[in-house]
Amino acid sequence: MIDVLVIGGGNAALCAALMAREAGASVLMLEASPRAWRGGNSQHTRNLRCMHEAPQDVLADAYTEEEFWQDLLKVTGGQTDETLARLVIRASATCRDWMRRHGVEFQPSLSGALHTARTNAFFMGGGKALVNAYYRSAMQLGVQVRYDAPVDRIELDGRRFVAALVKGERIEARSCVLAAGGFESNRAWLREAWGRNARGEYPADNFLIRGTRFNTGTLLRGMMDAGADTVGDPTQAHMVAIDARAPLYDGGICTRIDCVSLGIAVNRDAERFYDEGEDFWPKRYAIWGRLVAQQPGQIAYSIIDAKAVGRFMPPVFPGVKAASLPELARRLDLDEARFVQTLHAYNAACRPGHFDHARLDDCRTEGLTPAKTHWARPIDTPPFFGYALRPGVTFTYLGLKTDETAAVHFGGQRSPNLFVAGEMMAGNVLGKGYTAGVGMSIGTAFGRIAGTRAAHAVRQGTAQGATHAAA
Ligand SMILES: Cc1cc2nc3c(=O)[nH]c(=O)nc-3n(C[C@H](O)[C@H](O)[C@H](O)COP(=O)(O)OP(=O)(O)OC[C@H]3O[C@@H](n4cnc5c(N)ncnc54)[C@H](O)[C@@H]3O)c2cc1C
């Protein structure tokens, strides 16, 4: 019988598998996807958030535990477990040497949409290179990996893990780590969670999924049905406004539209609905998915003029271009008169100031609802551009409750041999909101804990067995 079964094939699963193997356990990983699509959402990532007291290799200045904690506290509005959050933060200071030992390379922060040189360590080659490095290392260490192996069900004996079922095959193991992601790719579940709005629409039907199609939440649902304790709200998710032309799954990072704060955004009725200049885009991009989800038809349009071009990371598809505002309205299929009226009202409300996109400048509107509080400049210089936006779900926050041991809990009691890591438990730290790079910090910290604990549980089980045998 295998010692440690790891279910999932992304960052958290790989960290768990490597740690369990390093601790001497035999390890089998079950990844739902084919080999070519291995790596879950982790293959789309770019960086992880790291605390550090002084400049360190790819990280500038300092980013202290307290500052990281305050950032997390702010974005979650207090919906976080401080003990687990601080555990993740401290682990983020020391994990990079271990990552390097397994072949992960880092690069200096890229300049561009996110100002993260101080807070985030970027993976050379992105998340795809990271997961490939981990898979290589896992194979060298003798971890067994099976692809096309979606686990349908977990067999439990009370709180104890017994076996996993894959396409009718029963696989027993002494302990198990669940690292199978959230349920963001399960469109029926998203529909159920979001329900029907006052307009009679099912908003989730218009969501796009930024990552893997394999995170269907099968195991999350199964564990909930089996009485595992949960944490988080099923409607909470990291949601970004992305290019409406993005594919349903796996559009990844390049479908983000980062020009919203440089112009205005209008809905299907050609009306503005939120302050586009409320704060720096990296601090606001993750609320715009939800804002668009609340608009009629779950669509919006980011509108800019020639002055904005070159000031944001260009999206992968070119925007709809027009020489005049009425032409842009027609090309975007928006009501021309209302669109022009909205633009004229906005342009007239812009007060002169000193435009500076690198700080919260004094270019704002006056007498307009909603106001645009920074970077408000008239949209008056052709050519004009429009980008249709849709809500893009990154990952869901509903997960399994855990503690510093990463054990799955049933009625407040730990399982002795079933552990959880990554998106499947990220809701313990992220009740809502997001700060860039923390998903990988959580997955790395808890993946490593879960792997170590799973190996430890095997040793304990063996020791117990030996005692019983001797007696
Ligand atoms: C476009 C995009 C960009 C992102 N950028 C960043 C970033 O730069 N920094 C950051 O910190 N976070 C980022 N995130 C979030 C980040 O991807 C997640 O927080 C992190 O990858 C979670 O890791 P995980 O191992 O828990 O899940 P995943 O990497 O999603 O892995 C889950 C795995 O489980 C497998 N699986 C699912 N169901 C089953 C089943 N029933 N049986 C077997 N296997 C199963 C899947 O195939 C998959 O391999 C990004 C996400 C996306 C979508």
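User: Where does Pro-370 lie in this model?

Analyst: Pro-370 sits in the loop between α9 (336–349) and β16. Keep in mind that this is a predicted model.

User: What omega goes with the cis peptide bond from Thr-369 to Pro-370?

Analyst: Omega is near -10 degrees for that bond.

User: Which residue does a cis peptide bond join to Pro-382, and where is that residue?

Analyst: The partner is Pro-383, and omega there is about 0 degrees. Pro-383 lies in the loop between α9 and β16.

User: What is the phi of Trp-375, and where is this residue placed?

Analyst: Phi is positive, about 55 degrees, although Trp-375 is not a glycine. Its place is in the loop between α9 and β16.

User: Why is Trp-375 called buried?

Analyst: A residue needs 20 or more other C-beta atoms within 10 Å to be buried. Trp-375 has 24, so it counts as buried.

User: Why does Gln-298 count as buried?

Analyst: The cut-off is again 20 or more other C-beta atoms within 10 Å. Gln-298 has 25 such neighbours, so it counts as buried. Gln-298 is in the loop between α7 (281–293) and β14 (300–304). Its phi is positive, about 50 degrees, although Gln-298 is not a glycine.

User: Which residues meet where α2 contacts α3?

Analyst: From α2 come Glu-65, Phe-68, Trp-69 and Leu-72. From α3 come Ala-85, Arg-86, Ile-89 and Arg-90. By class, this contact has five nonpolar, three charged and no polar residues.

User: Which element supplies the largest share of the shell around the ligand?

Analyst: That is α10, with four residues. At least two residues each come from α1 (11–22), β3 (47–49), α6 (218–225), β16 (384–396) and α10 (438–470).

User: What makes up the shell by class, and which residues come nearest to the ligand?

Analyst: There are 24 polar, 16 nonpolar and four charged residues. Of the 44 residues around the ligand, Gly-10, Gly-40, Gly-211, Gly-422 and Gly-439 come nearest.

Conventions:
Residues are numbered from 1 along each chain as its sequence is written. This is a predicted model: local features need pLDDT of at least 70, side-chain atom pairs count only at pLDDT 80 or more; totals for chains, interfaces and linings use all residues. A residue is near a molecule or strand if its C-beta atom, placed from the backbone, lies within 6 Å of it. Ala, Val, Leu, Ile, Met, Phe, Trp, Tyr, Cys and Pro count as nonpolar, Asp, Glu, Lys and Arg as charged, and the others, Gly among them, as polar. A residue is buried if 20 or more other C-beta atoms lie within 10 Å of its own, exposed if 12 or fewer, and partly exposed in between; C-beta atoms are placed from the backbone. Two residues are in contact if their C-beta atoms, placed from the backbone, lie within 7 Å.
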